[in-house]
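Let's take a friendly walk through the nonpolar cores and aromatic rings of this protein. Have the sequence and the model at hand as you read.

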Amino acid sequence: MTEIYREESSTNTTRKVFAVIALLMIASLYFNEYTRFTKSGNFDPLGWGMDTVLLGLWFWRIGFSYELILFKEKKMQVQRKLFGIGFGTKEYDLTTTETFSNKYEKKFFSKTGIKQYDHLYSSLDENTQHLLVYTVGEKKKLCGVLFKSSDKFVHQLRKLLPAQHLEL
């Protein structure tokens, strides 16, 4: 396949600082549980459990990043990464694309009947969120891909699929 454009999730220093502050706050919650346990000897499963849930949410929101690749053959490939280590690739056939937007507006797309979404973006990514709607199967079931990308990526996608572009 012939690659047209490749883009990786981006972030800025401010978002990284907030992520580190959130991690330090979660670490302080663990430290609080530990000191409470060492003083009283009573293990609080609810406290430890909530701290673990918060840590899991932090990993989920912060750890993922993506590399988006557009191909001339009307394919879009997403390479998923967890803290920079690749763990999966998904490919979308853009010939089944119904529409894609320059930005995602929940109110506008809530009435489309899309039941299945792939959320392909990092919370640290500072780019605009977009929606690509495509069909699957004989019944032409509507599915969506939520992703963050730069205007350059959207411009390349628009050149590849001019009739499906929706300006919001």
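Does Phe-43 count as buried or exposed? This is a predicted model, and in it Phe-43 has 52% relative accessibility. Exposed means over 50%, so Phe-43 counts as exposed.

The model holds 10 aromatic pairs by the rule used here. Two of them involve Trp-48 and are set out below.

| Pair | Centre to centre | Angle between planes | Arrangement |
|---|---|---|---|
| Tyr-30 and Trp-48 | 5.8 Å | 55° | tilted |
| Phe-43 and Trp-48 | 6.0 Å | 15° | stacked |

Tyr-30 belongs to helix H1 (residues 13–40) and Trp-48 to helix H2 (residues 45–62), so their pair ties together parts that are 18 residues apart in sequence. Elsewhere, a charged side chain meets a ring: Arg-61 lies over the face of Trp-60, at 5.5 Å from the ring centre.

The largest nonpolar core has 20 residues, and the members touching the most others are Met-76, Leu-94, Leu-132, Val-145, Phe-147, Phe-153 and Leu-157. At least two residues each come from strands E2 (64–71), E3 (75–82), E7 (128–136) and E8 (141–149) and from helix H4 (151–160). H4 gives the largest share, 4 residues.

Which residues does Phe-153 contact, leaving aside its neighbours within four places in sequence? They are Tyr-5, Glu-7, Leu-68, Leu-70, Met-76 and Phe-147. A second, separate core has 5 residues, among them Ile-26, Trp-58, Ile-62 and Leu-124.

Note on methods
Residues numbered from 1 in each chain as written. Predicted model: local features only at pLDDT ≥ 70, side-chain atom pairs only at ≥ 80, totals over all residues. Heavy atoms only, no water. Core = buried A, V, L, I, M, F, W, Y, C linked by side-chain atoms within 4.5 Å. Buried < 20%, exposed > 50% of the residue type's maximum accessible area, 1.4 Å probe, protein only. Contact = heavy atoms within 4.5 Å. Phe/Tyr/Trp six-rings, centres within 6.5 Å; stacked < 30°, edge-to-face > 60°. Lys NZ or Arg CZ within 6 Å of the ring centre and 35° of its normal.
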